[in-house]
Amino acid sequence: MGWPARAGLGVCLALSISGAVRAQEAGGDPGSAGASADEPGVPVFSVPTVEVQAAPEREPSDSAAQRDPSGALTLIQTADFGGAARDTAEVLSTAPGVVVQDSGGYGQSKSLVVRGASSNGTLLLLDGIPLNGAGGIADLSRVPLAVVERFEVLRGGAGARYGSGGLGGVVNVITRRPGSEAQVAGEATYGSWDTVRGWVSATGPVLEGEALLLIHGGRSTGDFPFRFDASPALPGDALVERRRANNDAWGAGGLLRVRHGLGESLELDAMAELSTDDRGLAGTAQNPLPDARQGGGRAAASLRLSGEQGAVRGSARGWFRGDRIELSGGPVVTQGRQVLRLGGGEVEARTLLGERHGVSAMVSVSAEDVTRAEGAPEGGSRPGWWRASAMVMDEISLAGERLSLAPSMRVERAGSYTLLSPKVGATLRLPEGFELRANGGQAHRAPSFQELYVRQGLLLPNPALRPERVLYTDAAVVHRTAQSLASVGGFYSLYENLIAYELYPPFAAKPYNFASARVVGLEAEGEWRPFPWVAGVFSYTLLVSRNLRDDPRYYLKELPYRPRHKLSARASGGPRWLTGRMEVATQSSQFINRTEEAVLPGRTFLHAGLSSTFGRFPELTVSLEFKNLLDAQAEDLDGYPLPGRSAAVTVAASFGGPSRASSKGARTNTP
């Protein structure tokens, strides 16, 4: 099946079968998509709005919709996916402009490419706490979906509001909120390759506040079969079947959140998260690693005080994160243990100046350090630096509140680097539900500790590196009705001083800055709910990249691992007692080297599932999911096989409080 046919299949599925919808595009309210037909009084569908003057139920000042009111924002509610057994990477891959780089299977490394930026050019936050590792790349496999309530996916340069690292965009993981009603809930999944996942939570009033405690865990043998070309130099030779080895993984952890009101105008929100994991590093199909392992753990905590006094709304927050990664087995030069520590605080405030201005300001300070890899010179030292930044944004309302302008500026000091990130955004509201948005600005990524200081096996540091930079602009037209939302837009990004590793004698690699790369693209997304029991959502991305490095081997070649086309569509329908759904995820072929000599073929994954929900208090849901129905055999990155056809059954139950099914699509607030 050619790519156009796959795209047509996806669009047809999205517009004909329909399913649980996610709230998308900037503005705040994710709507009430997902309410069942037999729930009177629940809105069929509501769409987000962007207001310079806050609506009655206001987003907190650190939510993505408030921080970047004109940005290309997609809000993904995890409850909209029903009982589908999946992970964080699979959910995020449904957003436009987002491509997941996968090493295959449960618990294996997964990273994001947003709008063509490198994986270390996308910030991943957990309730605002940076999760990007010491090397600058965030591993999505270490973010369990069980703790997530929603994702805020902001596409485009985000340095003005989020600081160094937001070249392609920012993903903020919003953890589950405590509830005011007592509730105990849980979910258990069993599927192919002895994959087991589950979680249990308890929430309710505690000491005049609200608290949530959630425990989660999972494991998988990961020994799925795949077809392997043992003699790639001979075209047309038969493929042989092999089984993935040393691909097992397990993980466990917990989340605690407490919210407590302090008087009538203040609220205290505390969060603590712990996790531990271990996995085999199977290697590529051509070069398997039979005994390489990676173990890790994370401890994260934050404390946020928010409230308002007169016309001023503000918050103060402190946070800490500690990460441990330990490598064993495999080549001796890659073995070792590293610990990364980060901590900081920020103060943010917003006020209205008259009827036309909403001014926001933020000051933040943080520090981080990391141990060197074992075996490196001076292995006991901890290189580290401070970061400090100040930001100001003015939201200006003109033309009877139909036009909003949002200029902003951030000045940041990261180690020895001074970074300036300006941005201006505009939103124009038109009749008949139409809206125009546009943004332009500059963002940076300071080199990471590994790139500057730490020798990791055959990877050498380079203290002379310069920060990466992106100049970007985008524009989109949005249309909303009571039953639908559609958005089409384009973007242009010019990346400069990109950091890449080059061979450095004897047989080691060293990072250098090279000239620049250009990325242009188109993003389209939409959702449709013609009836309370039928809905659909889709996204499409066209991305064209060009390497502008002044080397004839690479000049005007496409960047590796950037597929030109990507489409995701999800649809479902049916009553509460029997809901069917179908999904398609397709992307075109992509180059895996800078000379365009090696290509990964395109692929299409088709998923289907059924769910049945019984009762209210308690509520029981049983789901059956089939992944990769066509058993598409695919690879990602440089020869990492992806799983074939699989099946899983999930049982979920809740006792007391509002059900997750009845609250799908309901408004949520960023912590």
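Here are some questions and answers about how the features of this predicted model get their labels.

Q: How do you know which parts of the model to read with confidence, and what is the average pLDDT of the protein?
A: The protein averages a pLDDT of 84, and 85% of the residues score at least 70; pLDDT is the predictor's confidence in each residue, from 0 to 100. In this predicted model, local features need pLDDT of at least 70 and side-chain atom pairs count only at pLDDT 80 or more, while totals for chains, interfaces and linings use all residues. Residues are numbered from 1 along each chain as its sequence is written, and side-chain values use heavy atoms, with hydrogens and water left out.

Q: Where does the pLDDT stay below 50?
A: Over residues 1–57 the pLDDT is below 50, and this stretch has 194 contacts in the model beyond near neighbours in sequence. A contact here means heavy atoms within 4.5 Å. Residues 661–671 also stay under 50, with 55 contacts beyond four places in sequence.

Q: What makes up the secondary structure, and how many helices and strands are there?
A: The protein has five helices and 35 strands. Both are DSSP runs numbered from the N terminus: helices are H or I with at least four residues, strands are E with at least two.

Q: Why is Asp102 called buried, while Asn497 is called partly exposed?
A: Buried means under 20% relative accessible area, exposed means over 50%, and partly exposed is in between, with a 1.4 Å probe and protein chains only. Asp102 has 15% relative accessibility, so Asp102 counts as buried. Asn497 has 23%, so Asn497 counts as partly exposed. Across the 671 residues of the protein, 55% count as buried.

Q: What surrounds Asp102?
A: Asp102 is found in strand β2 (residues 98–102). Not counting residues up to four places away in sequence, Asp102 touches Ser109, Lys110, Asp636, Leu637, Tyr640 and Leu642. A polar atom of the Asp102 side chain also lies 2.6 Å from the backbone nitrogen of Gly104.

Q: What makes the backbone at Asn497 and Asp631 worth a look?
A: Most residues other than glycine have a negative phi, and most peptide bonds are trans. Asn497 is not a glycine, yet has a positive phi of about 55°; its place is in strand β24 (residues 484–504). Asp631 also has a positive phi of about 55° without being a glycine, and sits in the loop between β32 and β33 (635–636). At 21% relative accessibility, Asp631 counts as partly exposed.

Q: Which peptide bond is called cis?
A: The bond from Phe617 to Pro618 is cis, with omega near 10°. Pro618 lies in the loop between β31 (603–614) and β32 (619–627).

Q: Why are β1 and β5 called edge strands?
A: Two strands pair if DSSP finds at least two bridges between them. The open sheet of five strands has the order β1-β6-β7-β4-β5, with mixed pairing. β1 (72–77) and β5 (129–130) each have a single partner strand, so one side of each is left without a neighbour in the sheet. Two bridges join β4 (residues 122–126) to β5 in the antiparallel sense, and Leu125 has Pro130 in β5 as bridge partner.

Q: How do you know that β20 is paired with β19 and β21?
A: β19 (residues 384–398) and β20 pair in the antiparallel sense over 10 bridges, with Ser389 facing its bridge partner Glu412 in β20. β20 and β21 (residues 417–429) pair, also antiparallel, over 12 bridges.

Methods. A polar contact is a pair of N or O atoms within 3.5 Å; within protein, one must be able to donate a hydrogen and the other to accept it, and residues adjacent in sequence count only if both atoms are side-chain atoms.
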